[in-house]
Amino acid sequence: MNSSVLIESFAEFAKQKNIDRPTMIRILEDVFRTMIRKKYDLDENFDIIINVDKGDLEIWRTRIIVDDDSEDIWDPDKIPLSEARKIEADFEIGEETAEEIKLEDFGRRAVMTARQTLIQKVKDLEKDLIFNKYKELLNEMITGEVYQILNREVLLIDGEGNELSIPKNEQIPKDRFRKGETVRAVVDRVEMINSNPKIILSRTSPVFLERLFENEVPEVYDGLITIKNVVREPGERAKVAVESYDDRIDPVGACVGMKGSRIHSIVRELQNENIDVINFTDNKELYIARALSPAKISTMEIDEENSRVSVYLKPDQVSLAIGKGGQNIKLASKLVGLEIDVFREMVGEDEEDVKLEEFSDEIEAWIIDILRKVGLDTAKSVLAVPKSELLSRTDLEEETVDNIYSILKQEFE
């Protein structure tokens with residue numbers, strides 16, 4: 001293989017991989033210098049001239065002429081006078097010779113190795129380019145096309161044919177993908193696995209919901225409305241705290257849109273995830289009350305030191321505060337950054353009720369704590385909940401729940 005064929009084939013391959021001209025020339029020079037070092041031990045006295053467009057390659061070796069009896073004649077950058085005069089008859093000691101080295105002089109095996117090295121270097125560079133490109137796109141929303149659906153992940157390809165992955169745990173539980181459809185997600189992380197870039201996308205990240213708001217709500221995109229916090233139970237429920245720096249803009253109304261037009265498209269993208277948009281405020285009590293919406297709080301006590309807040313509600317508001325499977329209170333706690341404990345107010349006939357703490361000698365403290373977390377802090381409030389619902393809300397064992405019912409019922413017999 002001559003130099004023009006080698007360089008032209010490499011240049012064509014590099015262009016297909018979108019490698020720019022300076023990088024192409026640098027790779028070529030690196031590979032040829034490696035060949036030179038293997039054959040001549042050093043490359044400092046070699047000049048390489050490459051013309052990628054014409055496929056031309058020139059390698060020139062320069063050496064200083066020394067006397068035939070000199071101790072330096074074996075140095076790679078020296079040449080005996082007798083040998084120099086074979087190149088040009090009137091050379092003298094101390095002058096410099098320039099001798100062209102042909103690619104064929106390195107041998108067929110070395111040239112074939114160089115070709116493989118060039119291709120491998122481009123592939124390695126391409127991997128680095130993909131890795132760095134997606135590193136800069138972390139937390140940005142991108143679109144890919146589904147091309148393979150596996151048990152543990154769904155593989156997409158981007159517009160340039162790069163492989164992207166959405167692992168099972170980064171998919172919304174209700175997601176159902178079909179080959180060929182386009183899917184939106186955010187770049188969650190980029191890893192190098194066995195020297196190959198692995199781009200991992202997420203549809204469960206709070207950042208994904210934030211990017212969807214930026215996409216659907218111009219005021220958020222323009223910075224007129226700021227998203228202060230996002231918390232999610234992917235595919236089930238989310239709470240988004242928003243704030244406007246312009247008094248003329250209602251941040252909640254702008255995010256929801258006329259007749260819910262803006263929020264509906266986001267809800268559809270998230271497989272009907274229920275989204276509560278809340279007006280952020282520095283007033284902690286008001287912020288907590290908004291976070292627990294749609295429940296209406298009667299009173300609350302904030303314990304800053306232990307990052308907890310006790311909220312008291314009328315009996316009919318407790319289940320609203322807790323929400324399905326405890327989702328509402330869990331998300332509200334994350335949103336405000338405080339552990340929320342729900343208590344029902346004792347009114348009317350509830351005056352005959354008994355606080356669960358009074359059963360601490362029969363019911364273990366950790367069980368009472370679990371019941372309190374789901375808004376059940378009295379004996380009657382627990383007995384009013386059907387067994388199946390209590391099991392799903394607390395994750396307690398069936399035998400434990402039966403024991404709780406038995407102990408509490410004895411109090412009123």
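The model is predicted. Helices α2 and α4 pack with their axes 10 Å apart, and helices α5 and α8 also have axes 10 Å apart. A cis peptide bond joins Ser-293 and Pro-294, and residues with a positive phi include Asn-194 and Gln-271.

**Packing of α2 and α4**

- Helix α2 spans residues 21-40 and helix α4 spans residues 108-135; the angle between them is about 140 degrees.
- Angles over 145 degrees would count as roughly antiparallel, so α2 and α4 are classed as oblique to each other.
- The two helices, α2 and α4, cross in a right-handed sense.
- On the α2 side, the contact is formed by Thr-23, Ile-27, Leu-28, Val-31 and Met-35.
- On the α4 side, the residues in contact are Ala-110, Ala-114, Thr-117, Leu-118, Lys-121, Val-122 and Leu-125.
- Sorted by class, the contact of α2 with α4 has nine nonpolar residues, two polar and one charged.

**Packing of α5 and α8**

- Helix α5, residues 206-216, packs with α8 at an angle of about 145 degrees.
- The crossing of α5 and α8 is right-handed.
- From α5, the residues that take part are Phe-208, Leu-209, Leu-212, Phe-213 and Glu-216.
- Their partners in α8 are Arg-262, Ile-263, Ser-265, Ile-266 and Glu-269.
- By class, six nonpolar, one polar and three charged residues make up the contact of α5 with α8.

**Helix α14 and the residue after it**

- Leu-390, Arg-393 and Thr-394 are buried in helix α14, which runs over residues 387-394.
- The elements they pack against are α10 (315-322), α12 (365-373), α13 (379-383) and α15 (398-412).
- Asp-395 follows α14 and has a positive phi, near 65 degrees.

**Backbone exceptions in loops**

- Most residues other than glycine have a negative phi, and most peptide bonds are trans.
- Asn-194 is not a glycine, yet its phi is positive at about 55 degrees.
- The loop that holds Asn-194 runs between β8 (182-193) and β9 (196-202).
- Asn-194 counts as exposed because its relative accessibility is 70%, and the cut-off for exposed is over 50%.
- Gln-271 also has a positive phi, near 60 degrees, and is a residue other than glycine.
- Gln-271 sits in the loop between α8 (261-269) and β12 (274-279).
- With a relative accessible area of 25%, Gln-271 is partly exposed.
- The cis bond between Ser-293 and Pro-294 has an omega of about 15 degrees.
- Pro-294 belongs to the loop between α9 (284-291) and β13 (299-303).

- Asp-316 is part of helix α10, one of the helices that the buried residues of α14 pack against.
- Asp-316 counts as exposed, at 53% relative accessibility.
- Asp-316 and Arg-344 are 28 residues apart along the chain, and their C-alpha atoms are separated by 8.8 Å.

Conventions. Residues are numbered from 1 along each chain as its sequence is written. This is a predicted model: local features need pLDDT of at least 70, side-chain atom pairs count only at pLDDT 80 or more; totals for chains, interfaces and linings use all residues. Side-chain values use heavy atoms; hydrogens and water are left out. Axes are lines fitted to C-alpha atoms, for helices over the stretch in contact, and angles run from 0 to 180 degrees between N-to-C directions. Helices (H or I, at least four residues) and strands (E, at least two) are DSSP runs, numbered from the N terminus. Angles under 35 degrees count as roughly parallel, over 145 as roughly antiparallel, 65 to 115 as roughly perpendicular and the rest as oblique. A crossing is left-handed if the near helix is turned anticlockwise from the far one by less than a right angle, and right-handed if clockwise. Contact means heavy atoms within 4.5 Å. Ala, Val, Leu, Ile, Met, Phe, Trp, Tyr, Cys and Pro count as nonpolar, Asp, Glu, Lys and Arg as charged, and the others, Gly among them, as polar. Buried means under 20% relative accessible area, exposed over 50%, partly exposed in between (1.4 Å probe, protein chains only).
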